[in-house]
Each structure stands twice: as structure tokens, then as C-alpha cells.
Amino acid sequence: MPTQILMPALSPTMEEGKLAKWLIKEGDMVKSGMVIAEIETDKATMEVEAVDEGKVQRLLVPAGTEGVKVNTPIAIILGDGETASAAPAPQQAATAQQAAPQAKPAPAPASVPAQAAPPAAPVVVALQDQTIPAGTEMVSTTMREALRDAMAEEMRRDKDVFLMGEEVAQYQGAYKVSQGLLDEFGEKRVIDTPITEQGFAGIGVGAAMGGLRPIIEFMTWNFGMQAIDQIINSAAKTLYMSGGQMGCPIVFRGPNGAAARVGAQHSQDYSSWYAHVPGLKVIAPSNPADAKGLMKSAIRDANPVLCLENEILYGIAGPVPKMDDYLVPIGKAKIVREGRHVTMVAWSRGMQYALAAAEILAKDGIEAEVIDLRTLRPLDMETIFKSIRKTNRIVTIEEAWPVCSVGSEICARAAIDCFDHLDAPPAKVSGADVPMPYAANLEKLALPTVDQVVQAAKGVCYA
Amino acid sequence: MALAPSGNQVSTTSPVPAPAQIPELPKEKEIQAYREMLLIRRFEERAGQLYGMGFIGGFCHLYIGQEAVVTGLQMASKQGDQVITTYRDHGHMLACGMDSKGVMAELTGRRGGYSRGKGGSMHMFSKEKNFYGGHGIVGASVPLGAGLAFANKYRGNDNVCWCYFGDGAANQGQVYETMNMARLWHLPLIFVIENNRYAMGTSIERSAATTDFSQRGRSFDIPGEQVDGMDVRAVAAAGKRVSDWVRAGNGPYILEMLTYRYRGHSMSDPAKYRTREEVDKVREERDPIERVRARLLQRGWMSEDDLKRIDAQVREIVTAAAEFAQADAEPDPAELWTDIVL
């Protein structure tokens, strides 16, 4: 069948152009790939190559014509053995090989209404913490031991789980979180890497796509910034980009936020950076029991999960239930202290400020309800809203910078979704909006204090 | 302009030297190569046309001119091997055996596309065909390929990962992080550098301090060689020889494929960085499909009529793919919220 050559779009935004020059004439033979015309757009002059082969029967638009709309027929080509009489008149547009769509230049598939209302986001199912049976022995464990125990248990359970990172094997971990793992699991499954975060994060993601379950340790999340492209572009987005085919079951973990006197480049809190990204889950435990239960859940999760640990908390001990399989659900906040006057929301090291402040407030007759967020993505807003409906006040506590922080998001959501229940504007306690200074006095000034939390709580209580 | 390997085809460091003569392909392999390369070319030409008609949006990077690279290497691969590449990826998908309808429908953003319309030209995957994308960040797919190779070694199978990237990506830092670890851990990984001479609009002479990419692994003791990527026989032979060596547990290898893309970097490329004459000269003298075609005729393995029959079959496949890709529905609006987390 004779083929119409259409005015092509030569960029994502082109709607019309000038047919500057024909490089063929009627009667010429064209081959695919041959340059047949030059077209001027607002950006450039582009060459048009033939796709179809045959003899040029007619040039429908003369050279020099301005404003030729995309998809206008500009020439007719006769294929092998076709005769001119078989060719349609140019005004009978819809007879070329893409007959139907040519009739309507803008493709609009029939089955989906053009004005379809945007679908609502799916509703999240409420999660429950695992019940700890009465009489369960509680073992005093440090945070670093709890994280190590979680990894060890999951590595025993699933031979596809392995740990990779800088100094995780022979050195036993820069912060000793992987202590003993090399001895138990050997160098095949506990792997020291060179100092190349982007490279080994990508290797982890590739291994996860290949069906393994990697745990990638960043010595600190400050160095994980080298690998942020692999975390976001490769790990978080691939499931969506593949239409659900290619999951990425991987854990990235390491200490996050300020340690002590290590300066600006080693003291950054990445909570809001990663909580921002669809396709990731982000956990930030504050105590050993949650750290163990969340880490085990993270390793079993089918998605990329980031664990934001905290160096200051590694040595803190707490009771961990002695159970075969202690799991904490990802996405579930926990009310760790009940109260009726003000809701305080914190996570990770922020919980230390919150709980200390709650003690002081109690002495002044203010009963604070303290929520440990535990997971930063997905955010368990329902638990927070429920508490606000009881206390009518909220204070968020974090060490991170204040601009676009997780605290900002919670305060905004409280104001947007719970406005009628608030008796005071939400209050936010954050780190100072400065790079972390080294000097001891300045570093203290850059971090929140228990007193700031107490004052913020009193403020929203008008006390 | 050197499209044929310069100097010694095989570097002095190669443990698997190439034979002096390029081995011939048997008749059925030549015919297979002709058919597969032609399918890629016709598919890409049609994709370009659909782009011009407004059916394909955004970016669309065509593989025209480079067909022999993936076609020849797929002849050397075995069941279970993985393939991963960057964003000039349609040819790789077809060569991996992915359905042309599903690929074209992804280009048009329809529900029958490989990623149900959510990936687009640069992001398609097929677990079934061991094709791992389709990645849009230049260089970032290279560590992912090493991760797939790591999984092979971890599991103790003899699969290799064919990790394709371009001369542009070859200048990215993470490629060298990956080479270091791949050699350190003896990963079954083949770095396939498709050197088409231009990273978007910047020639290798303007972007690379050393333009022999096959030697980029020297600091890590990774052997490499340059191959005439416009000759499917040379590609297939090198692929077989090298993959046997990698499969045997000897660690990674670099295959630099000297090739050329005829079309622009993407659809909106006015191609002012090279002359029309340069493109025409490659097309006339080194076209990978014409070279196979000439051999088939010369040896009397196929007649003009036989070749026309193959052309017609290929055109039919591509036409069916294009028709499907235009007629298929867009994704259901509810798809907006699926496949974010499992």
C-alpha cells in the first residue's frame, strides 16, 4: 500500500515547524535512513530520514512552507510493485499504514476517560505489635548487640541474607555492630568492601534484583550520601518502573545524625531526606528491643528498607524479650508513655529528650503522651492523630535541621488533618539551622535540649 | 576515524587471544543474525516514526547502527546469563527474546507494555528473559550488573552477567569502583563497552583522556580487547571466547565494541557534532546488516527472494507491534498507586 510520510515531531514539545528543504524530488527512489528533508523548529534545523522504501510519488507540501503541523502528510511513497493509481488522493488522509491513529493526531485511547478523576491513594491497614507472652524473660541488651542479634538470627534463617560494608568483617565493624558475624558466617556472607559506597551500594541493589537479600552497612549515613543515587534511583524506583516485576529486598543501615564533636561532615541527620522517597521504607529505632524487632522485619521485607541508627545510642542497654522470633512491624508508632495534656512525637535519639522532658513536666502536673515514631516511612499518622484528639496539643522533637524536616511534615499534617482538635499551634523542637560546629559549646547550642522540649510543651499548654 | 580495532586487536594483557582470522558463522547463524538485526533496525525505525507522530513521548534513544553488538553477544550467551544495560535499550530487549509488542506498547505508554506503561523507553525489565533493565542514570547500571554477577558467584552457578554501557558511561567514577571490586572478588562479569564514538554530542576525543576503552581495566588487572562491533561474526566469536573464560571463574573482562549510531543521541538531536558524510560513510562501508546480507548472497546461502521474504516477515512483526502499541489502552488510573512497595 502507498505510504504517506507525515510531518514528524522532532522533539517532545514540537507542534509545528517549517519544511525548509526537500532533498528528494518526485520520481526519486528512497531507502530507509536516507535524508529526505530538512525541517526547522524553534530550536534547530533537523534532518528527516526516510523510514519506508520506495519511489516518491508526490511531494504534498512545497519547500519553504512555514507552520506545517505535526502529522500533516507531506509526501507519498510507492512501495515495490505499487502503481500510482493505487495511491489515494492526498486529501483522503487516513489510508496510510497507521490508518486509524492518523485521523486523530493526538493519541487518545478509547477505553480510559480523558477526564478520569485522580484515584485516591490506597488506605493503609492498621498494624499491631506482636504480643509478648507473659513470663517471657527480658534480657538486658545494648542497641549494637540487639542489631547484631537481629542480623545473626536472620542470617541463620535465610542463607540468601549477607552483610556487606566497610570494616564489617575482620575489623568486626567500625562501631562493633557486626561483632562476631564473620566467625559464625564466614567471609562468603560477611564481606569487607573497599571505601566505595556508590559502588557497593549498587552491587547490593543488583544482588537484590538477582534474588539475594543484602544488608549494606554504611559506616555512617554521611558516607551513604555518596550512594544516594543508587538508593533512590535504583533501589526505590525499580519496582514501579518495572510494573511490579523487579523488586529490591535490601537493607541499608548505619549510624545517622550527630555523634559527638565530629564536625559538620560527619554529623548530618538524613531522616527527612529518605522519608521523602516513595518506594523506600525508613526505620529509626530508639531502644534495643525495637531495634531488634524492626531490623528483623526489615531483613524479611520485600522492599528497600533503610535503618537510621544512632552512634550515641549504640551503647545504651535495654530489655529485649527472649523469644524465637521477635518482630516489630514497620510502619507502626508506639505510645511509650500515656498522658492527656500534650502529645510529644519523637524517634531515635529524640526520644531521650522527650522522655526526660515528660518526667519534668509530670512534676509540674502536665501529663505528656510520648509517641515513639519508630518508622519514618510510612508515617503512622493515625496513632498521632488519635493522640491529638485526646490531648489537643502536639510537640515534635528531632535533632535534624528544621527546614522541611520530619517534624515539619508532622506539624503540617496535624494542622491540615486535625485542625479542629488543636487548642494551640503545633510546636517543633529541632536542631539549629547551621552546619554542625566543632567547638563543644557551639555543638551544644546546635542540638535541642530537654529544657527546650519542656518549654515547648508548656507553651502549647499555655502553662 | 577508527571503527576497526586499532593496532593489536587483542591487548597484550588478554589471556584469551583472538585468532588471526575472524571465524565464520555457519549458515543458520548468519541467517539468524540477519533476521535479528533486521528486526531491531525495523523496530527502531518504526519507533522513530511513532515518535514523530506523537505516539511516543519524552526520550527515545534508537539503537540503529549498533545492532551487531547485542545480536552477536546474545549468540554467545547461555540460558541463565543476565543482561543489563543503560537507556539505549530496545535492541537488547528484542535480542533477549522479549516480545516486540510489549516493548513497543511500553514506548507508547500503554497497559500492555512490559512495565504496564509506567517505565517508558528507558525502563523495561523481564525476569523471565533475564533482562534487568533499562537504566537512565549513566554509569549507575554498572554496579548493578556487578551485583547480578555477585549473585551468580554467591549461588555457585556458572552464569555470567553481560553488563552493557557506552563510551560516555565509561568515564563515570562508579564504573571504576565496580571494576576494582569485580576483580577483587573475581565476579563473573563482562563489561561490554559500546563505543559509538559520541557521548550524546561529545566525541570520545573530547571527553576521554585515553580512548582505548578496552584498556580501562589495566589498573585493576582486568584484561580487555577491542572488537569490530559492526561485524556480527567478530562480536559472536569474541563473546564466546571471552564468556568461556569468565564462566570458568577467571574474573571479569572488558569487551570494547567499536560501533556507531546512525541516529541522534535522542530524538531531538540536531547532530551538529558530526558530518552527514561521516554517518553516510559508515552506513555505506560498515553497515552490520548489509555485511551479513552480502555474505549470504555471495555464498549462495540465500537468494534475493529469500532475503525479501525475511524482510517481509520482519516488517509484519514490527507492523503488528506498532498497531498493538497504538490501539492498546493507557494504564488504568488506579495503576498510579500500585507497585510502589510490595
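The chat below covers the model, its chains and their contacts.

Me: What am I looking at, and how is it labelled?
Reply: This is a predicted model, in which local features need pLDDT of at least 70, side-chain atom pairs count only at pLDDT 80 or more, and totals for chains, interfaces and linings use all residues. Residues are numbered from 1 along each chain as its sequence is written, while chains are lettered from A and ligands numbered from 1 in the order in which they are written.

Me: Which ipTM and pTM does the model score?
Reply: ipTM is 0.93 and pTM is 0.89.

Me: OK, chain A. How many helices and strands?
Reply: Chain A has 14 helices and 22 strands. These are DSSP runs numbered from the N terminus: H or I of at least four residues for helices, E of at least two for strands.

Me: Which domains is chain A divided into?
Reply: The division gives domain 1 (3-85), domain 2 (138-321) and domain 3 (334-460). The bounds come from an automatic or database domain assignment.

Me: How many residues of domain 2 are in contact with domain 3 in chain A?
Reply: In chain A, 23 residues of domain 2 are in contact with 21 residues of domain 3. Contact means that the C-beta atoms of two residues, placed from the backbone, lie within 7 Å.

Me: And what supplies the domain 2 side?
Reply: In chain A, α8 (271-275), β14 (281-283) and α9 (288-300) each supply at least two residues of the side of domain 2 that touches domain 3. That side divides into twelve nonpolar, seven polar and four charged residues. Ala, Val, Leu, Ile, Met, Phe, Trp, Tyr, Cys and Pro count as nonpolar, Asp, Glu, Lys and Arg as charged, and the others, Gly among them, as polar.

Me: Switching to chain B. How many residues does it touch on chain A?
Reply: 63 residues of chain A are in contact with 56 residues of chain B. The largest share of the chain A side, ten residues, comes from α4(A). By class, the chain A side has 34 nonpolar, 27 polar and two charged residues.

Me: What is the mean pLDDT of chain B?
Reply: The mean is 94, and 96% of the residues of chain B reach 70 or more. pLDDT is the predictor's confidence in each residue, from 0 to 100.

Me: Where does it stay under 50?
Reply: Over residues 7-11 of chain B, for which the model has eleven contacts beyond four places in sequence. Where pLDDT is low, the predicted coordinates should not be read in detail.
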